[in-house]
Amino acid sequence: MPSPSRNGATKAGDWRNYERVLLPPVRDLHRFEVYVKHGGYEALRAVLTHSKKWAPDKVTEAVKASGLRGRGGAGFSTGLKWSFMPPVDPGTPRYIACNGDESEPGTFKDRQLMEYNPHLIFEGILIAARAMQIDATYLYIRGEYVDWIRHMEHELAKLYAEGYVGKRILGTDFSSEIIIHKGAGAYICGEETSLLESVEGKRAYPRIKPPFPAQKGLWGCPTTVNNVETLACAPLIINRGAEWFAGIGAEKHPGPVLYGLSGHVERPGVYEYPTGMLITDLIEEVAGGMRGGKKLKAIVPGGASVPVLRADMIDGVTMDTESLREAGSMMGTAGMLVMDEDTDMVKFLRRVTRFYHHESCGQCTPCREGTGWIENLVTRIDEGEGTLRDLDILMDLCDQMEGRTVCALADAAAWPVRNTIQRFREEFEAKCRQSIYAMA
Ligand SMILES: Cc1cc2nc3c(=O)[nH]c(=O)nc-3n(C[C@H](O)[C@H](O)[C@H](O)COP(=O)(O)O)c2cc1C
Ligand code: SF4
């Protein structure tokens with residue numbers, strides 16, 4: 001039976017009978033030969049050989065019509081982003097930067113895709129390359145993913161040898177390169193403009209926008225930045241149609257999605273299902289319920305930077321932008337952190353603030369100083385030395401950080417502070433009241 005969402009609509013539909021398309025249960029699918037045997041690269045072949053049906057702008061139109069929204073966190077329309085690329089200017093190279101840097105706590109789904117179905121990513125890149133007439137794609141992978149980088153390099157070499165990448169792909173007049181670029185384990189490298197700096201061999205400082213990458217990206221040339229899961233959806237849209245894709249999951253945020261479930265659940269892991277799943281279904285059925293039969297206390301739906309929700313706030317809430325916005329949070333990367341009744345929310349916030357302080361690139365004062373101060377204050381409260389006034393100072397610091405910096409890391413650092421304190425205020429107040437400075 002489809003589960004009713006908060007507004008009564010069925011969103012994920014019959015998710016129990018859902019057929020996986022991003023991570024289908026095919027043995028050794030990570031190998032080129034197996035991928036091809038199961039229909040792999042047919043979408044690319046169609047796009048390159050049916051030049052009328054699949055002219056580049058028609059590919060972009062199909063992606064737009066599918067309703068695909070970026071899976072890297074911001075949820076921007078992918079087709080729209082592709083259409084921002086300027087007309088081809090002979091002599092000016094055009095690039096894709098494919099973002100596989102994931103490093104936000106709670107987000108570990110791209111790694112699963114790279115490990116189990118890397119050719120879906122390569123095929124998606126090539127389809128996007130055709131649609132936007134791209135000369136080269138830099139596939140930026142988190143350097144710690146040593147094993148699958150090695151494997152992807154091995155498979156990419158096969159693609160070059162078999163004529164799927166490089167000059168005159170599949171004997172057509174379309175040429176495009178793919179280069180794997182290893183990151184070095186900094187969260188900020190995943191931010192789209194600092195990723196570009198990093199590929200250019202510079203320190204990963206985010207750039208001020210505008211200009212946006214489509215106007216001035218890699219080496220000042222038109223560039224589109226997309227997440228790996230986003231691009232992996234392109235072959236599915238070509239093969240099965242935009243309508244099929246738009247019909248999966250939530251109406252305004254459709255498609256298959258990789259949910260990363262972690263924390264105090266019985267079966268943490270990466271699960272593929274439609275968007276629009278009830279949060280309660282994901283926890284109770286997909287992840288096997290709360291570990292040890294404990295009660296649910298809180299969740300963070302989409303990676304550490306999105307606002308935390310109390311257990312009493314998730315009834316009927318589904319995993320899509322609209323429902324989560326209404327509930328007071330965001331979809332982010334669909335990496336859900338689940339916390340049980342024993343979780344100390346001050347300690348939770350202490351961990352999160354430590355991460356953001358460590359990962360700030362230090363370029364903007366509100367972020368460089370603010371992340372340090374919020375970590376200090378939350379640590380002070382946790383160690384029994386905080387005062388109620390510190391809670392007001394923390395809110396004030398968030399005001400000083402939000403929307404005042406070059407990139408969104410400062411916002412990502414401030415939101416959990418604001419929301420965790422607002423939504424679990426009694427816990428913070430209790431620690432402050434027991435503090436040795438309680439009178440201040
Ligand atoms: C601090 C920071 C870190 C980010 N890290 C990643 C990341 O690791 N992977 C990713 O795909 N997007 C990341 N993003 C989002 C990217 O800037 C960008 O929006 C995304 O790659 C666009 O792809 P999409 O439209 O396919 O989602 C990050 C953003 C910020 C502000
Ligand atoms: S907000 Fe923080 S991480 Fe982003 S550019 Fe400024 S200092 Fe660097």
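## The second largest pocket

Two elements, β11 (335-340) and α13 (345-359), each supply at least two residues of the lining of the second largest pocket. Helices (H or I, at least four residues) and strands (E, at least two) are DSSP runs, numbered from the N terminus. Eight of the lining residues come from α13, the largest share. The model is a predicted one, in which local features need pLDDT of at least 70 and side-chain atom pairs count only at pLDDT 80 or more, while totals for chains, interfaces and linings use all residues; side-chain values use heavy atoms, with hydrogens and water left out. Residues are numbered from 1 along each chain as its sequence is written, and chains are lettered from A and ligands numbered from 1 in the order in which they are written.

The second largest pocket holds about 370 Å³ of space. It is lined by 17 residues, and M339, K347, F348, R351 and V352 are the closest to its centre. On a 1 Å grid over the protein atoms alone, a pocket is an open set of points with protein on both sides within 12 Å along at least five of seven lines, a cavity is a set of points where a 1.4 Å probe fits but cannot get out, and lining residues have an atom within 4 Å of a point. Grid points are joined across faces, edges and corners, and a volume is the space filled by probe spheres set on the points.

Domain 2 (256-340) and domain 3 (345-431) each give at least three residues to this lining; the domain bounds come from an automatic or database domain assignment. By class, the lining has nine nonpolar, three polar and five charged residues. Ala, Val, Leu, Ile, Met, Phe, Trp, Tyr, Cys and Pro count as nonpolar, Asp, Glu, Lys and Arg as charged, and the others, Gly among them, as polar.

## Cavities

The whole structure has three cavities of 30 Å³ or more. In the largest cavity there is about 90 Å³ of space. Its lining consists of 13 residues, with C361, C364, C367, C407 and L409 nearest the centre. Nine of the lining residues are nonpolar, four are polar and none is charged.

## Around ligand 1

Ligand 1 has 17 residues around it, of which G72, K81, N99, N227 and T230 come nearest; a residue counts as near if one of its heavy atoms lies within 4 Å. Strand β4 (residues 223-227) gives the most to this shell, with three residues. The shell has four nonpolar, seven polar and six charged residues.

Polar contacts are pairs of N or O atoms within 3.5 Å. An oxygen atom of ligand 1 lies 2.7 Å from a side-chain N or O atom of T230. For N226, the distance from a ligand oxygen to a side-chain N or O atom is 3.0 Å. With G72, a polar backbone atom is 2.8 Å from an oxygen of the ligand. Taken alone, ligand 1 exposes 610 Å², and the protein buries 89% of that; the areas come from the Shrake-Rupley method with a 1.4 Å probe.

## Backbone features

Most residues other than glycine have a negative phi, and most peptide bonds are trans. K209 and P210 are joined by a cis peptide bond, with omega about -10 degrees. Another cis peptide bond joins P210 and P211, with omega about 5 degrees. P210 lies in the loop between α8 (192-199) and β4, and P211 is placed in the loop between α8 and β4.

R168 has a positive phi, near 45 degrees, and is not a glycine. R168 is in the loop between α7 (146-162) and β3 (177-182).

Key:
Polar contact = N/O pair within 3.5 Å; in protein donor to acceptor, adjacent residues only side chain to side chain.
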